[in-house]
Amino acid sequence: MLELKNIGVNFSGRDILKEISITFQPGEIIGLVAPNGTGKSTLMNVIMNYLRPNSGKVVFNNGLEYSSKKNEVKIHQLVSMMPDQSDLYNHLSGRQHLKIYSSMWNSNPELIDSTIKALGMESYVNKKTGTYSLGMRQRLCFAMQIVSDTQIMLMDEVMNGLDPTQVEIISQMLVKKKAEGKTIIIASHLLENLEKYADRIFFVKNGSLDLIEDIYSDLGVNGNMVIRVKEGTEQLKEKLAKAFPELSIQLLASGVTLIDFPKNEADRLESISAFLSDNDKPEFSVGKMTLGDLYSKYYH
Ligand SMILES: Nc1ncnc2c1ncn2[C@@H]1O[C@H](COP(=O)(O)OP(=O)(O)OP(=O)(O)O)[C@@H](O)[C@H]1O
């Protein structure tokens, strides 16, 4: 179990994390989502004690804290941060890296071969990492953490640079680890992917962790339908707002115009669709509000 008690981090007078109190349980995958530079890595650095918070504390397994060097060593047997690609030694092979991690955490050596197999790394794992592609390096970093086999695993952008097949393989491995009772905290921008396996997803904003279910209800968009108009413009948005003043209309950074409305008002669809056709913007799609839509609205 991992408990954050009133964690506060302030850089140059700016609150990056504000009074965060939360408990993460065994067998739970937690997703952390936010725009770049919001505080996801800062939170992980606090959990690892790489960064001392200005206030609050981190407590492991009902009482273990970073109160001494000895405790830190004990805690770092329980919690690990996925290595970064820049942590790899170019002159060592992937297998050598896995052996180092296995012995550092004193984990079952059989995990080395089973992880290599699960991630399909057999063809290159004995080669020096200096010859690896970005995706191969990323897979190795993930494999290193899996081999360390700690009870709590922190992963910052684990899916970075991976092709869809690899994303799927790693997602399935995460689900397996969760079933083994691991606590996994993942910072990611792949929202649809995160939704497949995360038990709780938080958006980080203004120093707080906000559970997505609370955001849906706070914004009053629970169960809403959306219309996505391709190639929206400020002009179209204004016209729509005039014609349908009660609807929430937003021009996203991607250039899409997002119109959301409660499910029980689905009969509006016809008039909106007619309006769009009249305004030469017939290319649109209708669907349920996605996590990506919620993100756009929340960080607008
Ligand atoms: N050691 C530090 N000293 C001063 N400011 C820092 C320090 N570390 C992080 N920051 C600032 O704190 C904010 C949060 O940074 P953090 O790295 O936690 O963001 P993040 O959400 O992980 O971003 P990304 O998605 O880009 O990884 C940023 O504005 C960053 O510049």
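Domain arrangement and ligand shell

An unreviewed UniProt entry lists residues 2-231 under "domain: ABC transporter". In the predicted model examined here, this span of residues 2-231 is 37% helix and 27% strand.

The protein chain is divided into two parts, with domain 1 covering 2-216 and domain 2 covering 220-298. Taken over C-alpha atoms, the centres of domain 1 and domain 2 are separated by 37 Å. In the contact between them, 9 residues come from domain 1 and 7 residues from domain 2. On the side of domain 1 that touches domain 2, two or more residues each are given by helix H7 (191-197), strand E9 (200-205) and helix H8 (212-218). The residues on this side of domain 1 comprise 6 nonpolar and 3 charged residues, and no polar ones.

The model also contains a ligand, around which a shell of residues can be listed. This shell includes Phe 11, Ile 16 and Ala 34. Also in the shell are Asn 36, Gly 37, Thr 38, Gly 39, Lys 40, Ser 41 and Thr 42. Helix H1, made up of residues 40-48, gives the most to the shell, with 3 residues. By residue class, the shell around the ligand divides into 6 polar, 3 nonpolar and 1 charged.

How values were computed:
Residues numbered from 1 in each chain as written. Predicted model: local features only at pLDDT ≥ 70, side-chain atom pairs only at ≥ 80, totals over all residues. Domains from an automatic or database assignment. Contact = placed C-beta atoms within 7 Å. Helix = DSSP H or I, 4+ residues; strand = E, 2+ residues; numbered from the N terminus. Nonpolar A, V, L, I, M, F, W, Y, C, P; charged D, E, K, R; others polar. UniProt positions renumbered as here; feature names shortened; annotations may be inferred. Near = placed C-beta within 6 Å.
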